[in-house]
Amino acid sequence: MDAVLPTPLTEAPPRDGGGELRGLLRLAGPLIGANLLQMGVYAVDVIFVARLGARELAAATLGVYLYSVMMWALIGLVGAAAPVIAAELGRRRHAVREVRRSFRMALWLSVAASIPFVLVLAHGERVLLMTGQDPAVAARTGAFLSILLFAMIPAVAASVMRVTAAALGRPGWATAVTAMALGVNILGNWLLVFGHGGFPALGLEGSAVASVVTTVAMLGAYGLILLLDPRLRRYRLFGKWWRPEWARLRQIVVLGVPIALTLTFEGALFSSAGFLMGLIGVIEVAAHAIALQIAAVTFQVPFGLAQAATIRVGMAYGARDGAWVARAGWTAVAVCVAFMSLAALALWIAPRLFVSAYVDADAAENARLVTLAVQYLAIAAMFQLFDGVQVVAAGALRGLQDTRVPMVIAGAGYWIVGFGVAVVLGFHFRMEGLGIWIGLAAGLLVVSVLLLWRWSRRERLGLVPHTP
């Protein structure tokens, strides 16, 4: 008979804010480290491809936008396993069996749901032409995506393994695996983009091949960890992998579809901003890519806090402990606000320093690119706080298995406000890229305010179960 196995996340609820802070940071720290290393993996691709020229960088940027929107939607879908597993651990009843069922169905879902998106990526050039992109750039993007699409299923399946390991008290493995991935990606790009070590110089396509190899390596590493780690292997996560659990699959889908749509709304907003930049010019796309990459690095800290908040709040939700729910959510928000305030200050004071990590800021041919990227970072500095608060508040609400209303908030805030302001300012008022970035900030502001309001009223809205 399955036993209930103790983990660091099934400890007694912390009695004060200090105890919750320590619990949050023990979980969030490795996840933040993994997120930052993952940004390093993405940055490697940009740094190598940027040396191929503005057109190749624009093609890779647009291709990654399309791929990322789909991948993050799928990760959101299967990521619903995290609050389900956390609640099961919080209830402490038949945890082993229930965790295994949730993991198995999330893994099934990662494969089945990815297939339609892979087929869309196979027609990437046609998709980009439909959005009015430059035909030459669209052709290069299509070639890039025809290889990158093979990374989709491994990436989504690896995300299931990652969140499961974290929920079961092993978040450190995420950092270790992503550090390995960074090394693999650096080596792969060095060998294949410019043709070192006797390999052919494949250029843009070489970067795509390196990404596929890196993703497959991550999937293999996580699989071995779940099989060999002394704590994780007791759950026998791959046991009876062929057996369906339709009720559990339905639960994950019901929770996961709104999460997927929420991430899609946000990701598509930033991706659409890239497409809008493409209507202005290639240099604008490149500048947008660099500024967004820099802003995304700081975003990984609140993103890791949000992942941890989902698990911590989910544990409290499963334990039916309203006081613990409050401590878990508000502690994550407070840490987020403190960090993002510092990040905003850094971007405001020294934007050119950050841009110089991607291109030679003193080269004459990069003058316009650098000027635009610095302008966009000024706006990014202003929306850092909003961006952090919205993702942490959403993560805390997911711990309460509240996903539908946050989805509506995200859709309205990002697309009615964010995209609307971006189009009006960027094209009607001819502010171009600067107007587009102001639109991004407006959307984030609205979503952060509404999600934080919903979290603060969770008890009145009946989102928190009563303690028996």
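A helix here is a DSSP run of H or I with at least four residues, a strand is a run of E with at least two, and both are numbered from the N terminus. Keep that in mind as we go.

Good morning. This is a predicted model, so local features need pLDDT of at least 70, side-chain atom pairs count only at pLDDT 80 or more, and totals for chains, interfaces and linings use all residues. Residues are numbered from 1 along each chain as its sequence is written, and side-chain values use heavy atoms, with hydrogens and water left out.

First, the whole chain. It has 17 helices and 0 strands. Along its principal axes, the C-alpha trace spans about 65 × 50 × 35 Å. The radius of gyration, taken over C-alpha atoms, is compared with a globule rule of 2.2 Å times the number of residues to the power 0.38. For 468 residues a compact globule would have a value near 23 Å, and this chain has 22 Å, which agrees.

How much of the chain is buried? Buried means under 20% relative accessible area, exposed means over 50%, and partly exposed is in between, with a 1.4 Å probe and protein chains only. Buried residues make up 57% of the 468.

Now contacts, meaning heavy atoms within 4.5 Å. Take those between residues at least 6 apart in sequence: 84% of them join residues at least 24 apart.

Look at helix α6, residues 135-148. Its buried residues include Val 137, Phe 144 and Leu 148. The buried residues of α6 pack against α2, α4, α5, α7 and α9.

Next, Gln 38 in helix α1. Gln 38 is buried, at 15% relative accessible area. Leaving out residues up to four places away in sequence, Gln 38 touches Thr 178 and Met 218.

On to charge. Side chains of opposite charge can pair when their charged atoms come close. We call it a salt bridge when a side-chain nitrogen of Lys or Arg is within 4 Å of a carboxyl oxygen of Asp or Glu. The whole structure has 12 of them.

Start at Glu 98, which is buried at 14%. Which partners does Glu 98 have? One is Arg 101, with the closest N and O atoms 3.1 Å apart. Both lie in helix α4, 3 residues apart, about one turn. Another is Arg 248, at 2.5 Å. Glu 98 is in α4 and Arg 248 is in α11, so this pair ties together parts 150 residues apart in sequence. Arg 248 is buried too, at 13%.

A further bridge joins Arg 368 and Glu 284, 2.6 Å from N to O. This pair links α15 with α12, 84 residues apart. Arg 368 is partly exposed at 47%, while Glu 284 is buried at 7%. Shared partners also join Glu 88, Glu 98, Arg 101, Arg 104, Glu 245 and Arg 248 into one network.

Last, the surface. Patches use residues with over 30% relative accessible area and no salt bridge; like charges are joined within 9 Å, and nonpolar side chains (Val, Leu, Ile, Met, Phe, Trp, Tyr) within 5 Å. Areas come from the Shrake-Rupley method with a 1.4 Å probe, and for residues only the protein chains shown count as cover. Leu 345, Trp 348, Ile 349 and Met 382 make a nonpolar patch of about 480 Å². Which helix gives the most to the patch? Helix α13, residues 322-349, with 3 residues. Trp 348 is exposed at 54%, and Leu 345 is partly exposed at 47%.

Thank you.

Conventions:
The expected span of a helix is 1.5 Å times one less than its number of residues.
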